[in-house]
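Let's take a walk through a protein structure together. Have the sequence and the 3D view open, and turn the view as you read.

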Amino acid sequence: MIDIQNITKSYGSKKALDNLSLTIQEGSIFGLLGVNGAGKTTLLSILNGLVKQDSGEIRISGLDTQTSMQEINKISSIIPQHLAFYDELSVGENLDFFAKVQDAKQDDYTKAIEVNSLKSLLTQRASTLSGGQKRRLNIAIGLVNNPKIIYFDEPTVGIDPKSRNEILDSIKEYRESGITVVYTSHYMNEIEKICDEVAILSHGKLLVQDSLENLISNRNSDTINVEVFHSSKLIMLGLTLLSETIIQTKESQLVAVLKQCKEHNIAIKQIQYGATDLEKYFLDITGDCDV
Amino acid sequence: MFRAMIQKEFLLVFRDKHALLALFVMPAIFILIMSVAMKDQFSTNSIEFKVFVKDSDNTNVSKKILKNIEEDKKFQIVSNTQDAEFFIKIPQKFEEEIESKISLSVQGAIKNNQITAFKAILLEDILHAKLDTMAEHFKNQSAQAEKALQNLKISSDAIFSTKYNSSIHIPNATQQSVPAWIVFGMFFVIIPMSTIYVNERKQNTLARLHSMNVSIVSMSISKAIPYMVINQIQVVIMLGVGKYIVPLFDTPALLINGSLIALGAISIALSSTAIGISSLIAVSAKSSEQATTIGGILNILLGAIGGVMVPKFIMPEAMQKLTELSPMSWGLDGFLDIFLLSADLSMILSKVTLLLSFGVGSLIISMLILDYRIKKGI
């Protein structure tokens, strides 16, 4: 469990975090949302020991960050937004290097390669990888020490939908193996797809922390989400798509949408009434469009 | 962990072809070109004037003058006037008429001091020729007169006992070029080191390593060691070029007169300075392009000030004092002391200490800046 109590961090006169308190449950995928400058990066930096808070207390798996950061770093890992590896080294050399630096076990090293489907790319120079492959290498490096906690800082920036889905699916698998994931992203549909709980930050303060289910349901909304089985025709229908397989519509247009799906042989998986989407909720609560 | 960090650094440098060219090939070529190109400029005994001589007198005296010129190593007789720097014409009746003058035509851009030197050397040859003729004339009349005349045949070297000021040691072209371009080449680690460093910083790789419990000190030292090794390899290669390759081009070979321990000490000390400066640039630059530009300009400036491009001993006094500002000059002086003065470690200890202090100081400042930047995420 990650227990953050009343932490404050200022850079000069600017408060990056203002008396922030959060609790992240063990084995969950926790979404951290906020506009640019909300304090997400500062919080991740503090959790990884790169920056020290001015005041407040953080305990990670019962260890105090002020006194036990070295132990904490051994059980946690950050996947930075930047591709933080060496382009001139091969995939294998990169993984070897980061594994040796962390004194990683061979089994964990092998698992990181398998989970991220990098086995066939080990001898390839990192600079020649595709965007998705680079992202997978970036993630694999963070897994070689078999962390109990992983911080993902916008890990899917600039990659194709297929690679993005693969990464999101693998993150869901981490939860099943008991790993705690803290995930920041500007893509709300990603948060909706994988997170159990979400916190929204603004100007260094916590606006809300709740389960995803609570945030996007039981609200006075006439929005309906129609989830279908994957079809290449869907994109040509001119409908509002929340993701590759979710159509978002209003109650008044539902019949027309279903008719269109039938005409194009697109099979319906489920229909969710009274739903809102996280992006709309996020914009409502932050009153800001800069996401 | 430390071993992995060092291995990684070596892999990155040795995969950077441009860095390898700048570190190893460029200084070697510079040494070769500059040693060969400047061998005459640095030589103290290789003045050679190209002369064309026309003897219109064709007498004993004129023939002796011609013979003396031919035998004088300071003159090179050429067969046509176009190749000559000096055209000497011995007029008719030169022997007979006491006021008859040898005509001297200077061709091309010859400096006044060279003309003066030429006249002095030529005068010696002419006087000797005249004295020979006079001695022959007296040969059968007075043995004493002949002997007296022969005794007058003395060269300037016999008259003047020349001593050089012991504080000024003029290197030959190889002795100047090898240490100068070793120093310059060693500072070229600035470019690969700062480029790799900046990329690591910008891509948050250093922050990632820091979150893996790699300390700033470990990061910096693990970078310093490979470049120090690379610098020592450079020194060995450049000394090899000076000793074995340069002589193949009819240029004096490098002679290492001083102690090898002193040579190692000055190399390591100079390397620490080059690495310290590289680290400072790397942690301060905003981009690798900026680091490369700043590094390149700084390298050339330090080289120009430090006596790499223009040897210190031919600089005006004010400029010679200015060279003391450049760490390259401290290193170059150390190398020259070893090559020219057979210096041992005690003789260059002050320079070694200065360079080491500068290097370690720069490295510590760069660590503080890096720590600040990682904490600020910039």
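Predicted model: local features only at pLDDT ≥ 70, side-chain atom pairs only at ≥ 80, totals over all residues.

Before we start, one definition: helices here are DSSP runs of H or I of at least four residues, and they are numbered from the N terminus.

Is B:N140 buried or exposed? With a relative accessible area of 76%, B:N140 is exposed, because anything over 50% counts that way. Now look for the start of the chain. B:N140 and B:M1 are 139 residues apart along the chain, and their C-alpha atoms are separated by 95 Å.

Domain 1 of chain B takes in 2-38 + 176-376, while domain 2 covers 46-159. Notice that domain 1 is written as two stretches of the chain. How far apart are the C-alpha centres of domain 1 of chain B and domain 2 of chain B? They lie 53 Å apart. Chain A is divided too, into domain 1 (2-215) and domain 2 (220-275). For these two domains of chain A, the C-alpha centres are 33 Å apart.

Next, let's see how helices pack. Two packed helices are described by the angle between their axes and the distance between the axes. In chain B, find helix α2 (residues 17-37) and helix α11 (residues 216-245), whose axes come within 10 Å and cross at roughly 30°. Angles under 35 degrees count as roughly parallel, so α2(B) is roughly parallel to α11(B). Their crossing is right-handed. On the α2(B) side, the contact is made by B:L23, B:F24, B:P27, B:A28, B:I31 and B:L32. On the α11(B) side you will find B:I230, B:I233, B:Q234, B:I237, B:M238, B:V241 and B:I245. Sorted by class, this contact of α2(B) with α11(B) has twelve nonpolar residues, one polar and no charged.

Helix α3 (residues 91-101) of chain A packs with helix α5 (residues 131-143) of chain A at an angle of about 25°, and their axes are 9 Å apart. The same cut-off of 35 degrees applies, so α3(A) is roughly parallel to α5(A). From α3(A), the residues A:V91, A:N94, A:L95 and A:F98 meet A:L137, A:A140 and A:I141 in α5(A). The residues of this contact divide into six nonpolar, one polar and no charged.

Stay in this part of chain A and pick out A:F85, in the loop between β6 (76-79) and α3. Why is A:F85 called buried? Its relative accessible area is 1%, and buried means under 20%, so A:F85 qualifies. Beyond its neighbours within four places in sequence, A:F85 is in contact with residues including A:N94, A:F98, A:L137 and A:I141. Its contacts also include two residues of chain B, B:Q203 and B:T205.

Contacts between the chains can be followed from chain B as well. B:H210 is found in helix α10 (residues 205-211) of chain B. At 18% relative accessibility, B:H210 counts as buried. Setting aside neighbours within four places in sequence, the contacts of B:H210 include A:L50 and A:N73 in chain A, and B:S215 and B:I374 in chain B.

Finally, let's look at the backbone. Most residues other than glycine have a negative phi, and most peptide bonds are trans. Which values does phi take at A:N19 and A:D103? Phi of A:N19 is near 55°, a positive value in a residue other than glycine. Phi of A:D103 is also near 55°. A:N19 lies in strand β2 (residues 14-24) of chain A, and with a relative accessible area of 46% A:N19 is partly exposed. A:D103 sits in the loop between α3 and α4 (106-115) of chain A, where A:D103 is exposed, with a relative accessible area of 68%.

How values were computed: Residues numbered from 1 in each chain as written. Chains lettered and ligands numbered in written order. Heavy atoms only, no water. Helix = DSSP H or I, 4+ residues; strand = E, 2+ residues; numbered from the N terminus. Buried < 20%, exposed > 50% of the residue type's maximum accessible area, 1.4 Å probe, protein only. Contact = heavy atoms within 4.5 Å. Domains from an automatic or database assignment. Axes fitted to C-alpha atoms, helices over the stretch in contact; angles between N-to-C directions. Parallel < 35°, antiparallel > 145°, perpendicular 65-115°, else oblique. Nonpolar A, V, L, I, M, F, W, Y, C, P; charged D, E, K, R; others polar. Left-handed = near helix turned anticlockwise from the far one by under 90°.
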